[in-house]
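Student: I'd like a close look at one single part of this protein. Could you pick a helix and walk me through how its surroundings are arranged?

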Amino acid sequence: MLAMAAGPGAITDASPVSGAGEEEGKYVKPFTPEKAKELIMSLQQPAVFCNMVFDWPAQHWTAKHLSEVLQGKQIRFRMGMKSTGTAPQFETTCSYIEATLEEFLTWNCDQSTTSEPFRDYDHSKFWAYADYKYFVSLFEDKTDIFQDVKWSDFGFPGRNGQQSTLWIGSMGAHTPCHLDTYGCNLVFQVQGRKRWHLFPPEDTPFLYPTRIPYEESSVFSKINVVNPDLKRFPQFQKARRHMVTLSPGQVLFVPRHWWHYVESIDRVTVSINSWIELEEDHQARVEEAVTRMLVCALKTAENPHNTRAWLNPTEVEATSHEVNCRYLNGAVSAFLDHYRTSKVAGTQGLRTNGENTINEASNVHSHLQAEQTGSHNLTSGTVRQETASPFGPDLVPVTPSSQEPTSERGGIFESDGEDSAGKNGKHFGKLHYTKRQRMMNEREDAVVEPITAGYDLLDCLVNPQVTRIVAQLLIQGRSL
């Protein structure tokens, strides 16, 4: 039986009986694989699946158990400070060590300073995170263990640990707020609890997106969402925070392009995730290729000998302009090939920002025009839905946090509603800009306004909304 527990967004589920029923002494899962996949592909907000993984062998994968399985294998830990200011603790600001899980547990659980790799890190001041550990690398000589993870129960046949990532951390370990440009996310909590802070895609302007540090497929926020600097980033007050505490045995579904900040709130946490590919990823690869080209060109020109200042540790190196051009051309060609050869071309709709469905027209040009307008109707679709709610004791929605402000929304890059210049509902387009400049030039004491606080030229050029338009123009030009 589910119940809201103490703490923000906490969800608890005991034995796998709620809504599951029983058959010949065996528990029956609340959703068939087909129904689970249907829910994943239609949900427009994060939600927690309960009673779906009670028979997975991976439910027993505590850090202690994994240390025995890995038998002294060295893995990389990211070391961060427990006490930080208002700036995000990006991966580029952390230090890294190689250690075994056994050494990690000695340092973390016994708080011992004699554990050699951790000797320079006071447990009271630092956290450790073995993050982004791909199964295929971690268990390269123990491939049978892949079968312990069964994403096929969620409607993805053949998907197991081979397409999964492992995360092991101490209390305080976290990932800075970001969104993933590809796919949606399923996260299985194995040991300990993690607190998730999530924000919807349409709140992107209020999260002050940046591509520095650069990592393909990740858009970071300039804000430390648990200790924000509201003087520097005032628009963040308008963002709608959704919070949930994920406990062992639960699986969190994170829809496409939802921002998330994830922190470990117990002494040891273990989680497993898998990113599920989506139809929209074909265009997203073009957008990412545009971003890579711009970031590498501008940042390399600034300082060609210090790429580590802006390149995330997960990226091997800054690629050359020639390589980036080939990558971009390949991404555009792959997009066009996919829609020209797809068996469902002309009939399958593409969801935009996880909400609206657009019927694909007979050519790519029409599809792109539809997608450009579809993203502005992010909330109206839910009002029209008349089907019964899918939520219940075994599927719990992650709802907005009650402490969030209820101030009027609006801000950077918003194209619907009134703007700050007047009540005519005009967009930040050419006509609006020309009128504004003319009004300023007519004043003798006109002062040129600075760029919006928190943004620089590169941020503007690779803003997700800008790269989306550029990608659409590139595709449109090649398809005509």
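Tutor: Let's start with a term: a residue is called buried when its relative accessible area is under 20%, exposed when over 50%, and partly exposed in between. Keep in mind that this is a predicted model. Now take helix α3, which runs over residues 101-109. Its buried residues are L101, F104, L105, W107 and N108. These residues lie on the same side of α3, because the arc they cover around the axis is only 165°.

And what do the buried residues of α3 pack against? There is one helix on the list, α2 (63-70), along with the strands β6 (75-81), β7 (95-99), β8 (126-134), β9 (165-170) and β18 (268-276).

Let's stay with α2 for a bit. The axes of α2 and α3 come within 8 Å and cross at roughly 150°. Angles over 145 degrees count as roughly antiparallel, so that is how α2 and α3 run relative to each other. On the α2 side, the contact is made by A63, K64, L66, S67 and L70, and on the α3 side these meet L101, E102 and L105. Sorted by type, the residues of this contact come out as five nonpolar, one polar and two charged. Two names turn up again here: L101 and L105 are among the buried residues of α3, and both also take part in the contact with α2.

Notes:
Residues are numbered from 1 along each chain as its sequence is written. This is a predicted model: local features need pLDDT of at least 70, side-chain atom pairs count only at pLDDT 80 or more; totals for chains, interfaces and linings use all residues. Side-chain values use heavy atoms; hydrogens and water are left out. Buried means under 20% relative accessible area, exposed over 50%, partly exposed in between (1.4 Å probe, protein chains only). Helices (H or I, at least four residues) and strands (E, at least two) are DSSP runs, numbered from the N terminus. The arc is that of the directions from the helix axis to the C-beta atoms. Contact means heavy atoms within 4.5 Å. Axes are lines fitted to C-alpha atoms, for helices over the stretch in contact, and angles run from 0 to 180 degrees between N-to-C directions. Angles under 35 degrees count as roughly parallel, over 145 as roughly antiparallel, 65 to 115 as roughly perpendicular and the rest as oblique. Ala, Val, Leu, Ile, Met, Phe, Trp, Tyr, Cys and Pro count as nonpolar, Asp, Glu, Lys and Arg as charged, and the others, Gly among them, as polar.
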